[in-house]
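Student: May we go through the terms applied to this structure, setting each value against its definition?

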Amino acid sequence: KPRMADFFILGLAISKAIWGDPEIFRQAYMENIKDAFEDFIEENVLASAIRDYVDSWADDVTFVKKLPEQLYNDLCRTLDANNVSIATSKFPGSASALSKGLADVETALSSIGITFTRNPKSNGKRSITIARNYTPQNKTSVKKVRTAEYKQNINLLLDDDEE
């Protein structure tokens, strides 16, 4: 169940009562949450830098394990390549701040298939593993299919309402 479980359950019941199918509400609700996460990622400098960094990996790479300093430098290079100034953005100012900032963007990034694991210390250093749980070829097509399915259900709702 999503964060607003009572609202979600009520919405499912209303959808079933009105249209005979609770899936119509569930799909619309989940699409709304997904859109909110995508908006957050676009507006958050750290989240968008991580997304762009992961998207730049070769197709066969599904995860990388980096020390916070290495990851910070890679993200700085990604921002630089996208002409985003680190000094004027709300990007973390250091590798330790980056580690703390990951918690703020973790849920939104997991919604698009990017996850983090903070690894136990090894040789006195803690590493971070970033995993990509999608393939670059199907990321866009999956989004288009979901959007098409959602729009089809909305059209069904509009057709029923017009009668």
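Tutor: Let us begin with burial: a residue is buried under 20% relative accessible area, exposed over 50%, and partly exposed in between, with a 1.4 Å probe and protein chains only. The model is predicted, so local features need pLDDT of at least 70 and side-chain atom pairs count only at pLDDT 80 or more, while totals for chains, interfaces and linings use all residues. Residues are numbered from 1 along each chain as its sequence is written, and side-chain values use heavy atoms, with hydrogens and water left out.

Student: What makes S15 count as buried?

Tutor: S15 has 1% relative accessibility and therefore counts as buried. This residue lies in helix α1 (residues 5-19); helices are DSSP runs of H or I with at least four residues, strands are runs of E with at least two, and both are numbered from the N terminus. Contact means heavy atoms within 4.5 Å. Leaving aside neighbours within four places in sequence, S15 is in contact with G20, D21, P22, I24 and F25.

Student: Why is L79 called buried?

Tutor: Its relative accessible area is 4%, so L79 is buried. L79 belongs to helix α4 and, not counting residues up to four places away in sequence, touches V45, A49, V84, I86 and F91.

Student: How do you know that α3 is roughly perpendicular to α4?

Tutor: The axes of α3 (residues 45-55) and α4 (residues 68-81) cross at roughly 90 degrees and come within 9 Å. Angles under 35 degrees count as roughly parallel, over 145 as roughly antiparallel, 65 to 115 as roughly perpendicular and the rest as oblique. The pair α3 and α4 is therefore roughly perpendicular. Axes here are lines fitted to C-alpha atoms, for helices over the stretch in contact, and angles between N-to-C directions run from 0 to 180 degrees.

Student: Which residues of α3 meet α4?

Tutor: V45, L46, A49, I50, D52 and Y53 in α3 meet L71, D74, L75, T78 and L79 in α4.

Student: In what order do the three strands of the sheet lie, and why are β1 and β2 at its edges?

Tutor: The open sheet has the order β1-β3-β2, with antiparallel pairing. β1 (63-66) and β2 (114-118) each have a single partner strand, so one side of each is left without a neighbour in the sheet.

Student: What makes β1 and β3 a pair?

Tutor: Two strands pair if DSSP finds at least two bridges between them. β1 and β3 (residues 128-132) have four bridges, in the antiparallel sense, and F63 stands opposite A131 in β3.
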